[in-house]
Amino acid sequence: MSNEYYSGGSEIDLRKELEGFLGGGTGEIPKQQKFVLRQIRLINNKPIECSCVSPLTKEPDTDDQCPFCIGEGYFFDETWIYGYKRQFDGRASLINQFINFPPGMISIETKVFFLRYTVDIGRYDKIIELALDSSGAPIRPYKRKYIFRPETIVPLRSDNGRTEFLAVYCNEMDGLRK
């Protein structure tokens, strides 16, 4: 699709605005956070079983926390992504998700991740939040803090149907704590 529609006139380019918001634009502080995207490894659209899976029970080794699959039973590939994470009330529907709820009404179990439109994420992938130091940088060596499983992935579109960014809804209760 041509970018001519967004190059002039009164319409704003939401991709450019999100990039400025996340990465810091002119006079703006960057708000992005570094996450790990953990994508399930597939061959012929089928997940590759981890070597810790028992041939007898077909269950992964959850007792010793396999370093490859963390007890999930499949191999994953991990890459860096940047995004912005928000909490929203777990009782909220997709209709009122962006309402700021007063203190005491927020469920810490529900998160939405705003990601660039180029991120290729699927329902069986994971978003890993890393432990951060007091300045907001990931602690080294890297340490997983939370592992989130996407529940709903919504490509947010503007005029002409172009995907501007992704909203990935995750529930920490369904995620894995490290």
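The backbone oxygen of Phe68 lies 2.9 Å from a polar atom in the side chain of Arg38, a polar contact in the sense of a pair of N or O atoms within 3.5 Å, where, within protein, one must be able to donate a hydrogen and the other to accept it, and residues adjacent in sequence count only if both atoms are side-chain atoms. This is a predicted model, so to speak of local features takes a pLDDT of at least 70, and side-chain atom pairs count only at pLDDT 80 or more, while totals for chains, interfaces and linings use all residues. Residues are numbered from 1 along each chain as its sequence is written, and side-chain values use heavy atoms, with hydrogens and water left out.

Arg38 itself belongs to strand β1, residues 33-40; helices (H or I, at least four residues) and strands (E, at least two) are DSSP runs, numbered from the N terminus. Arg38 counts as buried because its relative accessibility is 1%, where buried means under 20% relative accessible area, exposed over 50% and partly exposed in between (1.4 Å probe, protein chains only). Setting aside residues up to four places away in sequence, Arg38 touches Phe68, Cys69, Ile70, Glu72, Phe76, Asp77, Glu78, Asp125, Lys126 and Ile128, with contact meaning heavy atoms within 4.5 Å.

Now for the overall layout. The protein chain holds one helix and ten strands, and from the N terminus on, the order is α-β-β-β-β-β-β-β-β-β-β. Of its 178 residues, 35% count as buried. Among contacts in the protein chain with a separation of 6 or more, 63% come from residues 24 or more positions apart.

Next comes the helix. At the start of α1, a side-chain oxygen of Asp13 gets to within 3.1 Å of the backbone nitrogen of Arg15. Within α1 (residues 14-23), Leu18, Gly20 and Leu22 are buried, and their cover includes β4 (76-87), β5 (110-116) and β9 (163-171). After α1 comes Gly24, with a positive phi near 90 degrees.

What about the interior? The largest nonpolar core has 13 residues, and those with the most contacts inside it are Phe113, Leu115, Val119, Ile121, Ile127 and Val168. A nonpolar core here is a set of buried Ala, Val, Leu, Ile, Met, Phe, Trp, Tyr and Cys residues joined through side-chain atoms within 4.5 Å. Two or more residues of this core come from each of β1, β5, β7 and β9, with β9 giving the largest share, three residues. Leaving out neighbours within four places in sequence, Ile127 is in contact with Phe35, Val36, Phe113, Leu115, Ile121, Tyr146, Ile147, Phe148, Val168 and Cys170. A second, separate core of seven residues includes Leu18, Leu22, Phe114 and Tyr169.

Rings of Phe, Tyr and Trp (its six-membered ring) pair if their centres lie within 6.5 Å; planes under 30 degrees apart count as stacked, over 60 as edge-to-face and the rest as tilted. By this rule there are seven aromatic pairs. One of them joins Tyr146 and Phe148, with centres 6.0 Å apart and planes at 50 degrees, so this pair is tilted. Both partners are buried: Tyr146 has a relative accessibility of 19%, and Phe148 has a relative accessible area of 0%. Ring pairs also tie Phe35, Phe113, Tyr146 and Phe148 into a cluster.

Charges turn up over rings as well, which requires NZ of Lys or CZ of Arg within 6 Å of the ring centre and within 35 degrees of the ring normal. The charged end of Arg15 sits over the ring of Tyr117, 3.5 Å from its centre, and Lys34 lies over the face of Trp80, at 4.0 Å from the ring centre.

Finally, some backbone details in the loops. Arg140 and Pro141 are joined by a cis peptide bond, with omega about -5 degrees, and Pro141 is found in the loop between β6 (126-130) and β7 (144-148). Asn45, in the loop between β2 (42-43) and β3 (46-47), has a positive phi near 60 degrees despite being a residue other than glycine; at 71% relative accessibility, Asn45 is exposed. Lys58, which is not a glycine either, has a positive phi of about 65 degrees. Lys58 is placed in the loop between β3 and β4 and counts as exposed at 55% relative accessibility.
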